[in-house]
Amino acid sequence: MRIWIDADACPRVIKEIAFRASERLEIPVSLVANTSLAKHHSRLIDSVVVGEGFDVADDYIAEHATPEDVVITADIPLAARIVAKGAVGIDPRGEFYTEENVGERLSMRDLMMELRDGGMVRGGPAQFGATDRQRFASSLDTLLTRMVKGRKLL
């Protein structure tokens, strides 16, 4: 079991929550990004710097994640790939990606992108806040605890 973090756009506070969970439950964490990341002082945390290019980090995570893993990402196309492999995806706001919802979320993402490109909608998701952080911490804790005991939440 491993926690993969799509680290390029993941909020620092979310990484820190994952690091604390990793230490508490002794689960390795891999941060994957296109740029170099800060060094970590835990034997359980490693960083993978992939080459430049669109979706290179996503491709790396999708290739290496297994059904026993958890992937933290806000990237819905990556989440769809993870769910298809049988791994568990969770976004930084604490919502799980499942077979039941990832297709709908991908369609909504595509629709919103088209509306933004056409000038019909402006802006993106709401600003990340304390409630999001708390929901993520609770969701991740519940998920990892169940997975350590051999039961997937979803």
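A crossover is right-handed if, with the strands pointing away from the viewer, the path from the first strand over the helix to the second runs clockwise. I began with this definition and then turned to the model, which is predicted.

**Entry 1: the β-α-β unit.** I noted that strand 1, helix 1 and strand 2 form a right-handed β-α-β unit. Strand 1 (residues 3–6) runs parallel to strand 2, and four bridges join the two. I looked up the partner of Ile3 and found Val29 in strand 2.

**Entry 2: strand 2.** I then followed strand 2 to strand 3 (residues 45–49); these also run parallel, with five bridges between them. Val32 has Val48 of strand 3 as its bridge partner. Is strand 2 buried or exposed? Five of its five residues are buried, so strand 2 is largely enclosed by the rest of the structure. I recorded that Val29, Leu31 and Ala33 point one way, while Ser30 and Val32 point the other way.

**Entry 3: Glu26.** I located Glu26 in the loop between helix 1 (12–25) and strand 2 (29–33). Beyond its neighbours within four places in sequence, Glu26 is in contact with Ala21, Arg43 and Leu44. The side chains of Glu26 and Arg43 are joined by a polar contact of 2.9 Å. Leu44 lies 18 residues from Glu26 along the chain, and their C-alpha atoms are separated by 7.2 Å.

**Entry 4: helix 3.** I listed the buried residues of helix 3 (residues 76–85) as Ile76, Leu78, Ala79, Ile82 and Val83. They lie on the same side of helix 3, because they cover an arc of only 150° around the axis. At the start of helix 3, I found a side-chain oxygen of Asp75 within 2.7 Å of the backbone nitrogen of Leu78. Gly86 follows helix 3 and has a positive phi, near 95°.

Note on methods
Residues numbered from 1 in each chain as written. Predicted model: local features only at pLDDT ≥ 70, side-chain atom pairs only at ≥ 80, totals over all residues. Heavy atoms only, no water. Contact = heavy atoms within 4.5 Å. Polar contact = N/O pair within 3.5 Å; in protein donor to acceptor, adjacent residues only side chain to side chain. Buried < 20%, exposed > 50% of the residue type's maximum accessible area, 1.4 Å probe, protein only. Arc of directions from axis to C-beta. Pairing = 2+ DSSP bridges.
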